[in-house]
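User: Please take a close look at the surroundings of the ligand in this model, and relate them to the strands of the fold. A connected account would be appreciated.

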Amino acid sequence: MLKGKNALITGSTSGIGLGIARALAAEGCGLMLNGFGQADTLERLPRDLAAQHGVRVAYHGADMTRPAEIAALVDHTVAQLGSLDILVNCAGIQHTAPVEAFPIEKWDAILAVNLSSSFHTIHHSLPHMQGRGWGRIINIASVHGLVASVNKAAYVTAKHGLVGLTKVVALETAGQGITCNAICPGWTRTELIEPQIAARAKALGVDIEEGGRALLAEKQPSRQFVSTEQLGQLAVFLCSAAAEQITGTPIPIDGGWTAQ
Ligand code: NAD
């Protein structure tokens with residue numbers, strides 16, 4: 001379905017971003033991967049994905065806190081792959097603490113990676129999409145773009161901001177063949193939430209698996225984690241012709257979290 005299209009996916013060296021990369025590649029889409037990781041993983045991932053799906057896969061290590069590196073990432077994508085048709089903003093970090101104890105450097109870092117980086121990628125990518133009259137922008141927000149939880153001031157602020165940015169970009173690109181939506185996942189078992197599972201397990205005096213079940217029981221009525229494969233398929237759907245009129249929409253995929 002996506003043969004001839006190319007996607008830039010920030011934060012795609014693990015977790016949700018990697019799940020989306022796999023799903024897009026399976027549809028024939030070329031990929032620019034981005035994110036941190038061990039040198040051998042960063043070398044192996046593009047090679048394996050390319051071999052598995054017969055698509056072009058490149059990697060750029062831009063740090064999403066640095067606007068100049070983000071500009072270079074977009075330029076590199078177009079130079080390497082020939083176009084930038086799909087942009088998935090997925091890079092993200094987390095830190096939990098009450099507001100009065102929230103470290104200022106963590107606040108700044110979370111706002112930079114989880115919010116401002118998406119402004120910069122969109123700012124630089126849109127002209128390429130407008131030039132071709134087609135584009136898909138998918139911002140990986142969170143249930144925390146729609147509702148709040150304690151101890152997540154920076155994360156909730158950034159994700160609500162990202163949903164706002166999604167709506168503005170959707171309005172500004174309406175009718176141009178470009179859509180901009182936000183995916184709002186609930187608990188998804190990735191490295192990002194392992195510290196929260198470990199903290200819950202420790203507080204309850206239980207093992208890690210029981211800690212995970214306790215997190216789910218508190219917020220996610222299905223009591224099942226969202227999978228990275230399910231998120232990948234939702235991204236594929238948003239790139240399909242069937243989704244052409246879906247724009248400016250935050251889409252929860254959260255086992256019922258935000259229905260409560
Ligand atoms: P993850 O830790 O597996 O992935 C995060 C990715 O972002 C990695 O590739 C990492 O290298 C990259 N990254 C972090 N800082 C970066 C920086 N400065 N520059 C470039 N890349 C950077 O976690 P994940 O759960 O897959 O998170 C992906 C996105 O999904 C995040 O935006 C997160 O907020 C969001 N999300 C996660 C959950 C969940 O339950 N896991 C729920 C809702 C939303």
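**The ligand shell and the sheet**

Analyst: In this predicted model, strand S1 (residues 6–9) and strand S4 (residues 86–89) run parallel and are joined by three bridges. Within this pairing, isoleucine 9 is found opposite valine 88 in S4. The two strands belong to an open sheet of seven strands with parallel pairing, ordered S3-S2-S1-S4-S5-S6-S7. From one strand to the next, the twist averages 20°.

Turning to the ligand, the shell around it comprises 30 residues, and the closest are Thr13, Ser14, Ile16, Tyr155 and Thr190. Two of the elements that contribute are helices: helix H1 (15–26) and helix H5 (153–173) each supply at least two residues of the shell. At the level of domains, at least three residues of the shell come from each of domain 1 (6–187 + 227–259) and domain 2 (189–225). Sorted by class, the shell has 15 nonpolar residues, twelve polar residues and three charged residues.

For threonine 13, a polar side-chain atom lies 2.7 Å from an oxygen atom of the ligand. Isoleucine 16 takes part through its backbone, with an N or O atom 2.8 Å from an oxygen atom of the ligand. Aspartate 63 places a polar side-chain atom 3.0 Å from a nitrogen atom of the ligand.

Technical notes. Residues are numbered from 1 along each chain as its sequence is written. This is a predicted model: local features need pLDDT of at least 70, side-chain atom pairs count only at pLDDT 80 or more; totals for chains, interfaces and linings use all residues. Side-chain values use heavy atoms; hydrogens and water are left out. A residue is near a molecule or strand if one of its heavy atoms lies within 4 Å of it. A polar contact is a pair of N or O atoms within 3.5 Å; within protein, one must be able to donate a hydrogen and the other to accept it, and residues adjacent in sequence count only if both atoms are side-chain atoms. Helices (H or I, at least four residues) and strands (E, at least two) are DSSP runs, numbered from the N terminus. Ala, Val, Leu, Ile, Met, Phe, Trp, Tyr, Cys and Pro count as nonpolar, Asp, Glu, Lys and Arg as charged, and the others, Gly among them, as polar. Domain bounds come from an automatic or database domain assignment. Two strands pair if DSSP finds at least two bridges between them. Axes are lines fitted to C-alpha atoms, for helices over the stretch in contact, and angles run from 0 to 180 degrees between N-to-C directions.
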